[in-house]
Amino acid sequence: MGTPGAHEHGIARLGLALDGTSLTVDLELPAESAFGFERAPRSAEELATAAEALDRLRTGGARLIAFPEGVTCALDSAEVQAPEGFEGDQAGEDQPPHEDEVHEHADEGHEHAEDEGHVHAEVRLLASLTCSGEPLGPASLRFADLLPDVLQVDLTVFAAAGEAAGRVAPDASFRF
């Protein structure tokens, strides 16, 4: 698994907590994986791209997972947290880098301080789902349609049977 809390392009962090028929989804990913860019949108087209991606996340959280056969899960609530400038009526300017932050890049193979001028933006989805039955058994991730730029997922599953974690493919199978 990658460094906890590290920013890695193409890597999403997904936490799933199952309590009976209630499922909590906590997804974090680099803005680049959601929008195709990390800085604040600079044009109306980029702002529209960001708004559309945020709406897809807000409404599509239940589609990230293929649940065990015979179980359906419906979205009760979803909150998307996006960096400043990614939502709103106007395209924003580049956000200033955060001082003294260090982020890891899986695709670049190095770490660097934020004061080099490269801005890292994260998107987070917090969602609650209610399932038609307890979704015990085999399930799988389905990132391809909703987030095709995600290359790997740091998956953590919390269920009555225990806890499991690992870095997996965006279409990996797992068990609740």
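Leu27 is in contact (heavy atoms within 4.5 Å) with Ala12, Arg13, Leu14, Leu57, Leu64, Val123, Arg124, Leu125, Phe143 and Leu147, when residues up to four places away in sequence are not counted. The structure is a predicted model, in which local features require pLDDT of at least 70 and side-chain atom pairs count only at pLDDT 80 or more, whereas totals for chains, interfaces and linings use all residues. Residues are numbered from 1 along each chain as its sequence is written, and side-chain values use heavy atoms, with hydrogens and water left out.

Leu27 also belongs to the largest nonpolar core, which has 42 residues and in which Leu16, Leu27, Phe35, Phe143 and Leu147 touch the most other members; such a core is a set of buried Ala, Val, Leu, Ile, Met, Phe, Trp, Tyr and Cys residues joined through side-chain atoms within 4.5 Å. Buried denotes under 20% relative accessible area, exposed over 50% and partly exposed in between, with a 1.4 Å probe and protein chains only. Two or more residues of this core come from each of S1, strand S2 (22-30), helix H1 (31-35), helix H2 (44-60), S4, S7, strand S8 (138-141) and strand S9 (152-159), helices (H or I, at least four residues) and strands (E, at least two) being DSSP runs numbered from the N terminus. The largest share, 5 residues, is contributed by S7.

The structure holds 1 disulfide, defined as a pair of cysteine sulfur atoms within 2.5 Å. It is formed by Cys73 and Cys131, with the sulfur atoms 2.0 Å apart, and the link is right-handed, with 105° about the S-S bond.

Aromatic pairs, in which rings of Phe, Tyr and Trp (its six-membered ring) have centres within 6.5 Å, are classed as stacked for planes under 30 degrees apart, edge-to-face for planes over 60 and tilted for the rest; the structure holds 3 of them. Phe67 and Phe176 form a stacked pair, at 6.4 Å centre to centre and 10° between the planes. Phe67 lies in the loop between strand S3 (65-66) and S4, and Phe176 in the segment after strand S11 (173-175), so the pair ties together parts that are 109 residues apart in sequence. Phe67 is buried, at 14% relative accessibility, as is Phe176, at 9%. Phe174 and Phe176 form an edge-to-face pair, with 5.2 Å centre to centre and 70° between the planes, and ring pairs link Phe67, Phe174 and Phe176 into a cluster.

Glu46, in helix H2, is buried, with a relative accessible area of 18%. The side chain of Glu46 makes a polar contact with that of Arg39 at 2.8 Å, where a polar contact is a pair of N or O atoms within 3.5 Å, of which, within protein, one must be able to donate a hydrogen and the other to accept it, residues adjacent in sequence counting only if both atoms are side-chain atoms.

The mean pLDDT, the predictor's confidence in each residue from 0 to 100, is 81 for the protein, and 77% of its residues reach 70 or more. Confidence is lowest in strand S5 (residues 102-105), at a mean of 38, and highest in strand S1 (residues 11-19), at 97.
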